[in-house]
Amino acid sequence: MGFDPRVARLVSEYESKFNKDRMMELLVLQQGDTLLDLGCGVGYLTFDYLNRNADKRIEAICVDVLPE
């Protein structure tokens with residue numbers, strides 16, 4: 001017996017938002033730093049962080065095992 005897919009989706013959305021916001025709080029980079037995102041997927045966390053900190057001119061290197 002598995003979870004109702006709607007419940008699993010709600011939990012996943014909550015955890016993603018909580019984790020994302022928490023990671024954004026904890027990650028403090030300075031002007032000119034480089035962000036290394038291993039296992040970046042499509043890079044939505046990296047892009048969000050770079051957009052929130054555009055004035056710092058942070059560079060990013062994103063690596064994932066999937067070509068997408």
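Analyst: Start with the cysteine pair. The sulfur of Cys40 lies 4.6 Å from the closest cysteine sulfur, that of Cys62, which is too far for a bond. A disulfide needs two cysteine sulfur atoms within 2.5 Å. Searching the whole structure gives zero disulfides. Cys40 is buried at 12% relative accessibility, while Cys62 is partly exposed at 40%. Here buried means under 20% relative accessible area, exposed means over 50%, and partly exposed falls in between (1.4 Å probe, protein chains only).

A word on the basis. This is a predicted model, in which local features need pLDDT of at least 70, side-chain atom pairs count only at pLDDT 80 or more, and totals for chains, interfaces and linings use all residues. Residues are numbered from 1 along each chain as its sequence is written, and side-chain values use heavy atoms, leaving out hydrogens and water.

Next, the strands. Strand S1 covers 34-38 and strand S2 covers 59-63. Strands are DSSP runs of E with at least two residues, helices are runs of H or I with at least four, and both are numbered from the N terminus. Each of these strands supplies at least two residues of a nonpolar surface patch. The patch consists of Leu36, Leu38, Ile61 and Val63, with about 380 Å² of accessible area together. Leu36 sits in strand S1. Patch residues have over 30% relative accessible area and no salt bridge; nonpolar side chains (Val, Leu, Ile, Met, Phe, Trp, Tyr) are joined within 5 Å, like charges within 9 Å. The areas come from the Shrake-Rupley method with a 1.4 Å probe, and for residues only the protein chains shown count as cover.

Now helix H2, residues 44-52, which holds Tyr49. Tyr49 is buried, at 3% relative accessible area. Beyond residues up to four places away in sequence, Tyr49 touches Met24, Leu27, Val28, Leu29, Leu35 and Ile58. Contact means heavy atoms within 4.5 Å. A polar atom of the Tyr49 side chain lies 3.2 Å from the backbone nitrogen of Leu29.

Helix H2 also holds Arg52 and Asp48, four residues apart, about one turn of the helix. Their side chains meet in a salt bridge at 3.2 Å, N to O. The term requires a side-chain nitrogen of Lys or Arg within 4 Å of a carboxyl oxygen of Asp or Glu. Arg52 is partly exposed at 47%, whereas Asp48 is buried at 18%.

Key:
Polar contact = N/O pair within 3.5 Å; in protein donor to acceptor, adjacent residues only side chain to side chain.
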